[in-house]
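Here is a short briefing on one structure. Look at the model first, then work through the points by topic.

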Amino acid sequence: MSIKVDNVSFTYMKKTPFQVNALKNISFEIKDGDFVGIVGHTGSGKSTLIQIISGLLKEYEGNVVIDGIDYNDKKADRTRLRRLVGVVFQYPEYQLFEETVEKDIAFGPKKLGLDEKEAEERVKVAMDLVGLDYDMYRDVSPFQLSGGQKRKVAIAGVLAMEPQILILDEPIAGLDPQGRENFLELIKSLNECGMTILMVSHNMDNLVEYAKRIIVLKDGELFMDGTPAEVFADKEKVAEASLNLPEVASFCDRLREKGFDVPDSIIRYEQLKDYIISTVGGSYDD
Amino acid sequence: MIKNMTIGQYFPADSFVHKLDPRTKLIITFILIIFVFLIHSLPGYISMVAFLALTIAFSKISFRLVLKSIRSIWFVIFITFILNIFFLKGEEILFEWQFIRIYREGLIKACEMAGRLVILVIISSMLTYTTSAKEITDAIEILFGPLKKLRFPVHEMALMMSIALRFIPTLLEETDRIMKAQTARGASFDTGGLISRIKGMLPILIPLFISAFKRAEDLALAMEARCYHGGDNRTRLVEYHYKFRDLIAFALTALEIVIILIAK
């Protein structure tokens with residue numbers, strides 16, 4: 001499922017004093033099975049971009065072609081788009097509304113036209129993926145759950161639609177460190193199974209560890225595009241987009257100041273560990 | 001999706017009308033609304049329209065915005081017009097076709113009613129275009145102040161109003177967000193019959209209510225944590241004083257009222 005964004009622009013509140021150009025002539029292409037991180041300062045157009053890709057904002061200029069079809073075309077089958085693209089919004093727990101966890105997760109699959117039995121099957125799989133016990137939680141009201149569990153239910157609701165492209169807007173905001181790690185591991189394994197992932201995040205450390213490609217937006221324009229190593233190697237440009245460096249990269253900078261010759265390619269914890277061991281000596285367990 | 005609302009929106013600017021005391025604007029609005037119903041002659045309407053045109057000219061609000069406020073209720077105006085034109089009986093028949101009869105009196109009445117509605121909408125939207133919600137609630141609180149003696153909770157009411165107004169945009173944004181999230185899950189809100197449409201609203205309404213209650217609870221807690229208690233001995237951030245321009249505004253309004261009463 002490749003995504004092709006071609007010369008897309010978007011303006012909020014057109015022809016009023018509050019007019020804002022949220023996106024300006026954005027073009028890029030995302031390969032099937034890629035894991036793309038979208039970063040940018042507040043107001044850089046990230047949310048607008050993912051809403052356009054997922055077909056929720058329609059009055060844009062330019063084309064978005066998913067798997068060869070432009071879904072903004074009136075003749076296009078939008079149900080198919082819903083089947084292809086799953087969206088997890090910021091604080092997705094606010095979209096829960098059903099009486100029981102099972103019904104809520106089954107909402108999406110049923111809207112896709114699946115029957116009871118198929119939907120139940122999907123609910124089981126989705127709950128298993130996010131780590132909620134099916135028999136224990138199926139009849140519980142989602143509003144009785146804790147914040148973290150609610151989020152799991154909401155995400156399961158999207159996964160149960162079995163999308164081939166998963167779009168996530170700040171999915172880990174407000175989760176505890178353990179919850180973050182579990183969630184990112186889940187996303188990673190979904191990606192390894194072939195799901196295309198688009199993730200908006202402010203957390204550079206997570207993106208460096210998990211994303212294969214990073215797109216940086218600045219004031220509605222495509223500012224940088226490349227692998228995490230490429231993007232974070234250009235430190236001036238990253239600073240210009242008002243982004244932080246990942247912890248590892250800024251640690252390497254510190255080492256360089258102290259006279260160590262650290263290669264630019266080191267941006268992950270594992271790489272840093274290997275480098276320190278190879279220069280200082282010793283082993284992992286020390 | 002639903003952000004393009006203009007009715008009740010404040011457009012900040014530096015103009016004569018904007019700078020008027022909110023109490024002045026509220027009182028004048030109230031008086032004008034009453035007197036619109038006392039106009040029965042063409043000169044009366046002309047003077048009213050002239051008065052409003054003057055207000056718009058001195059408010060730096062673009063004429064397009066004023067038209068937009070009328071457009072949002074054109075359907076009500078249209079229905080009023082149609083009802084009056086077809087169902088009012090008079091003596092002089094202007095037009096007859098099968099069972100449809102249009103009388104001269106009906107036509108005049110229909111124009112009058114539609115005109116009144118347009119004038120009412122313009123008056124009230126001029127108030128909200130040029131006065132922030134904060135100023136309006138302050139004005140209400142001060143003007144209703146004497147009711148405190150009758151143990152009427154004026155301050156609490158004004159506070160409730162300002163909080164309600166403050167949260168309208170927030171809730172609209174929230175609705176927009178929830179709608180998008182549910183659309184992404186395959187929900188649709190504008191297809192099917194009435195029942196399925198109402199059912200289709202549930203995935204929006206339930207989360208919206210839950211978050212509204214949560215917000216209210218959070219706000220109450222935050223206010224209590226900062227020892228908020230309103231009413232007695234509470235001072236105001238902005239003190240209002242009548243200025244010379246308020247006198248001018250009142251004088252013009254008085255003139256308008258006299259014209260209306262004479263032209264009657």
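Domain bounds come from an automatic or database domain assignment. The model described here is predicted. In chain A, the assignment gives domain 1 (36-59 + 76-232) and domain 2 (246-286).

**Two domains of chain A**
- The centres of domain 1 of chain A and domain 2 of chain A, taken over C-alpha atoms, are 33 Å apart.
- Seven residues from domain 1 of chain A and seven residues from domain 2 of chain A make the contact.
- On the domain 1 side, helix H8 (204-210) and helix H9 (228-233) of chain A are the elements that give two or more residues.
- H8(A) gives the largest share of that side, four residues.
- By class, the domain 1 side has five nonpolar, no polar and two charged residues.

**A helix in chain A**
- Helix H12 (residues 269-280) of chain A has twelve residues.
- From first C-alpha to last, H12(A) reaches 16 Å, close to the 16 Å expected at 1.5 Å a residue.
- Just after H12(A) comes A:Gly281, with a positive phi of about 95°.

**Two packed helices in chain B**
- Two packed helices are described by the angle between their axes and the distance between the axes.
- The axes of helix H4 (residues 63-71) and helix H6 (residues 104-130) of chain B come within 9 Å and cross at roughly 125°.
- H4(B) and H6(B) are therefore oblique to each other.
- The crossing of H4(B) past H6(B) is right-handed.
- H4(B) makes the contact with B:Leu65, B:Val66, B:Ser69 and B:Ile70.
- H6(B) brings B:Val118, B:Val121, B:Ile122, B:Ser125 and B:Tyr129.

Key: Residues are numbered from 1 along each chain as its sequence is written. Chains are lettered from A and ligands numbered from 1 in the order in which they are written. This is a predicted model: local features need pLDDT of at least 70, side-chain atom pairs count only at pLDDT 80 or more; totals for chains, interfaces and linings use all residues. Axes are lines fitted to C-alpha atoms, for helices over the stretch in contact, and angles run from 0 to 180 degrees between N-to-C directions. Angles under 35 degrees count as roughly parallel, over 145 as roughly antiparallel, 65 to 115 as roughly perpendicular and the rest as oblique. A crossing is left-handed if the near helix is turned anticlockwise from the far one by less than a right angle, and right-handed if clockwise. Two residues are in contact if their C-beta atoms, placed from the backbone, lie within 7 Å. The expected span of a helix is 1.5 Å times one less than its number of residues. Ala, Val, Leu, Ile, Met, Phe, Trp, Tyr, Cys and Pro count as nonpolar, Asp, Glu, Lys and Arg as charged, and the others, Gly among them, as polar.
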